[in-house]
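Please keep the sequence and the model open while reading.

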There are 2 protein chains.
Amino acid sequence: MSETEKKGTSRRAILGAGLAAGGAIAAGRVSAAVPDPLITQVQPWASEFGDPVDATPYGMPIRFESHVVRRNVPWLTESPISSINFTPIHALEGTITPQGCAFERHHSGAIELSKSDYRLMVNGLVDTPLVFTYEDLTRFPRHVQTFFCECAANGGMEWGGAQLQGAQFTHGMIHNMEYTGVLLRDILNEAGIKPEGKWVYVEGADASSNGRSIPLEKAMDDVMVAFFANGEALRKEHGYPVRLVVPGWEGNMWVKWLRRIAVYDRAVESREETSKYTDLMPDGRARKWTWVMDAKSVITSPSPQAPIRHGKGPLVITGLAWSGHGKIARVDVSLDGGRTWTEAQLSGDIKPKALTRFHLNIDWDGREMLLQSRAMDETGYVQPTKDQLREIRGLNSVYHNNGIQTWWVREDGEVENVEVS
Amino acid sequence: MSETEKKGTSRRAILGAGLAAGGAIAAGRVSAAVPDPLITQVQPWASEFGDPVDATPYGMPIRFESHVVRRNVPWLTESPISSINFTPIHALEGTITPQGCAFERHHSGAIELSKSDYRLMVNGLVDTPLVFTYEDLTRFPRHVQTFFCECAANGGMEWGGAQLQGAQFTHGMIHNMEYTGVLLRDILNEAGIKPEGKWVYVEGADASSNGRSIPLEKAMDDVMVAFFANGEALRKEHGYPVRLVVPGWEGNMWVKWLRRIAVYDRAVESREETSKYTDLMPDGRARKWTWVMDAKSVITSPSPQAPIRHGKGPLVITGLAWSGHGKIARVDVSLDGGRTWTEAQLSGDIKPKALTRFHLNIDWDGREMLLQSRAMDETGYVQPTKDQLREIRGLNSVYHNNGIQTWWVREDGEVENVEVS
């Protein structure tokens, strides 16, 4: 199979001169025949009025797309209050994740907190402890940047080979949004950090509080206190009215409903950074402070929830790549389980610490494929195989699985999650 | 007023040592006093569970943001079926416009057309007339790009000085989305353009059909046949499942529910490009083929729907700028009705033919202001005043008003739409 299409393969029907009399079309593997009642007869949508402009002040997706929704896996957690759901990445394209279907992770449910009730306290080792209202925060200089947010457990079930049937479930604990907010460093500088302050401890206003420690160096670098995502206010389930954005670092640190920022001389070593969000190694010890999400990628289509329906011929393979260390430099795609690789096209903007879309156009010969993608970031780091990861980290961990995913495309176009060695 | 904040102005409350006993805070013009019951007492949101992850498979904005919606102006058109509504740009930030509140313009209502019923015909002066199904189109190479879509009539009511009270109504016939789709030129090349083909005529599947002529040069350049916007399928009201994206050109040409692309040797001179979407000049003649949207900008906050509520001191002025000719090079802001100008900061990505966000941080002294913004694009073109436009084009036109907008900020922070000469 070649990277580019072979000449002569057809994506469409040909309206040949000889067909004017009404013959059906045999040429090509896809597409409409002419005469096609959908173009030769007047249809209701072309002869009746549609919806007026006052029908939907705030619109939702059309009913035909009702399958493109967040889904949870009931057996994954004891309760949906402290649980996660998954972005339908198999059905999305481009790089932006709409808020409406961007995954959620709550530790005690998504709370409803109004702007007027919102307060942010800054205390600890600061010159002047402060309390901000929502409106106060909007008076700091604003910044606009796009970042991915990935749960550290994304792909966690695949460590032991759960082989969930769909990119939504294997890789859907991720979203990518354009944030507008202020820099955490501007807020910290307003309070004034004492010389002995070395860590920041951030807490949410929900019952779990989900406290996490962040080294001051990161807090003073690119961390945002964000109010807007994809142009509008954050959604309730993503931390309305204010969440922390910690570019490139695991999603658990992106504290929602942000209520307190404390400066300390050491890390708090909270529950969320000791018994959780650490990586248990084969020797019984746990790696901690594994904040950065390493380079990773996945083919979103074809994939188990997005099989090939059009038969052989031209096929667009599409997927996502990302790295918490910076920009994606390159993505390779394999059709044969990693034996040979072809460089994919990176489509659209390539931003640091943000989802990057890749495409590879092939001419599918209709034979089975073992599809894989492999990301490389600007540091030169190359996404490893799952076996390479397991060799070092064993099977105890649920976090930081950035191993290469394999999809088995069958001759009938159906796709399954498999492992190759 | 300086571009940067003056030292000593306060955005926040100070938790001074002497306040531990419970004194209220007088320092600063904003913000919470401590003790503040919202941080010193346990609140329901911090002691009760919130929503589980299976509550909203596809989420909507939180109820507190129910004012951030599209609005129409009932007197503007005879019927809401052939009408327009407006993006709430006064309440948005960053650059992306969420689909749910992105303006709509229909000529015979928003139709419901499924992917299985969708057909695209390519005919006229082509070697091989073609009909594509939706799936056929997805087999062409995909592209991802962000563009603004602006109705030619955006600001049209302001030609004669309607002075509508809000950026949503004066400038809200615009949105900005990340599109994924295929290039029109790839589709045209598949059909093969005959040498005498010089124009493309595009039609929608709705009853209005909204046919428009596009010179072949543009059609073969950057025009997209798009399926996805902001990562997900187009919404019904934006042309689901397929719309044309004509970067930098007036929104009327971005044909929704795209059903036919015909190649001709001349322009069709349809209703939509003769009696409509032309600019009637003072001498009674009409400018036609005024496709490109010239450089323009508007301050979105403060603005009539987004007054200053926090009193004097630090104020973030924010707005949008765009040009159909390429990238925005610079935006200047005036606080005194255009007598003096300060260069604003361009925030986030600066993409060609896409909305660009600007910010200017000032220290407001509490006196009235006449706020203006002035965009310059990479060609060197500078946004004109409304009077400069009227001098040349008179008062007959409703289209292509890219004049500088003035907001009068009163001492109490309320804002009005005014004109200055």
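The paragraphs below start with conventions and then turn to the cysteines.

This is a predicted model, in which local features need pLDDT of at least 70, side-chain atom pairs count only at pLDDT 80 or more, and totals for chains, interfaces and linings use all residues. Residues are numbered from 1 along each chain as its sequence is written, chains are lettered from A and ligands numbered from 1 in the order in which they are written, and side-chain values use heavy atoms, with hydrogens and water left out.

A disulfide is a pair of cysteine sulfur atoms within 2.5 Å. Over all chains, the count by this rule is zero. Cys101(A) is in no disulfide, and the nearest cysteine sulfur, that of Cys149(A), lies 14 Å away. Cys101(A) counts as buried because its relative accessibility is 0% (buried means under 20% relative accessible area, with a 1.4 Å probe and protein chains only). For Cys151(A), the closest cysteine sulfur is in Cys149(A) at 8.2 Å, too far for a bond. Cys151(A) has 4% relative accessibility, so Cys151(A) is also buried.

An unreviewed UniProt entry places the feature "domain: Moybdenum cofactor oxidoreductase dimerisation" at residues 287–405 of chain A; positions follow the numbering used here, feature names are shortened, and annotations may be inferred rather than shown by experiment. Over residues 287–405 of chain A, the chain is 7% helix and 39% strand, and the end C-alpha atoms are 24 Å apart. Helices (H or I, at least four residues) and strands (E, at least two) are DSSP runs, numbered from the N terminus.

In chain B, five strands form an open antiparallel sheet in the order β20-β19-β23-β24-β25, where two strands pair if DSSP finds at least two bridges between them. β20 (342–343) and β25 (415–418) of chain B stand at the edges with a single partner strand each, so one side of each has no neighbour in the sheet. Strand β19 (residues 328–334) of chain B is joined to β20(B) by two bridges, and the two run antiparallel. Val333(B) has Thr342(B) in β20(B) as its bridge partner.

Note on methods
Buried < 20%, exposed > 50% of the residue type's maximum accessible area, 1.4 Å probe, protein only.
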